[in-house]
Amino acid sequence: YLSVLASANYWESRKTAGTDVSFDGLVGIALRTMGKRSVYLLSTLRHKYDRSGSSSNETSKSYITSTEVSYRVAPKLTLLGKYAGKYSQDNLGSKMFSSYTDMLLMGVRYDITDRWEVEVSVRLMNQYRVKMYSTGAVIKTGYRVYKNLYVDVGYNFARLNDRDLSGESYTAKGFFFNLRFKFDEDTLGGLGKKEDIKKKDI
């Protein structure tokens, strides 16, 4: 399966002091091969823009690229990999600041049964402007409670505080509880069978 993805959200708030504007747009492609040793590839480009008209026209924009791959090497074993990078630019009055941050993830997922799965991943995040490097690891188990609805329970061993790169709703160190929805190619129009597309932390 090969699919093209696109989404956009625009928000505007008119105030006496000015107009606040927010935009979030994404384009990407998804590829899934069939067979016992299947490969799933998702590559996206995202643009975020915020302007505060009530605060001296301060603006913030970022470009985020993400490529993630999952490779099923055995019926119950899947290798995971992801690279994401973000270029940010902030204009504060007459001053402009820019930075680049990226993250590398590697992991493995094992299906204990058709309902139970466990996943372990390690991550490296680089903040080049301030020369900071963070490492982390996540271990979690997921249970399919009904059709495409999964419940995850896990532990995050380090705080990686950029959700744009990780794609996760949890960033704090410690235990987390997560609801996860999976959709097949019928509901997604060919995106790929049973791949994660949305996660919500509760």
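Tyr100 is partly exposed, its relative accessible area being 31%; the term covers values between buried (under 20%) and exposed (over 50%), with a 1.4 Å probe and protein chains only.

I noted that the model is predicted: local features need pLDDT of at least 70 and side-chain atom pairs pLDDT 80 or more, whereas totals for chains, interfaces and linings use all residues. Residues are numbered from 1 along each chain as its sequence is written, and side-chain values use heavy atoms, without hydrogens and water.

I then examined the nonpolar surface patch, which covers about 1100 Å² and includes Tyr100 along with Val27, Leu45, Tyr63, Tyr83, Tyr87, Leu104, Met106, Val122, Leu124, Tyr128 and Tyr133. Two or more residues each come from β5 (77-92), β6 (95-111) and β7 (116-127). Strand β6 gives the largest share, three residues. For such a patch, nonpolar side chains (Val, Leu, Ile, Met, Phe, Trp, Tyr) are joined within 5 Å, and each residue has over 30% relative accessible area and no salt bridge (a side-chain nitrogen of Lys or Arg within 4 Å of a carboxyl oxygen of Asp or Glu).

I turned to the whole protein and recorded two helices and eleven strands, in the order β-β-β-β-β-β-β-β-β-α-β-α-β. Of its 202 residues, 36% count as buried. The accessible surface (Shrake-Rupley method, 1.4 Å probe) is about 12000 Å², with 57% belonging to carbon and sulfur atoms.

Methods: Patches are made of residues with over 30% relative accessible area and no salt bridge: like charges are joined within 9 Å, nonpolar side chains (Val, Leu, Ile, Met, Phe, Trp, Tyr) within 5 Å. Helices (H or I, at least four residues) and strands (E, at least two) are DSSP runs, numbered from the N terminus.
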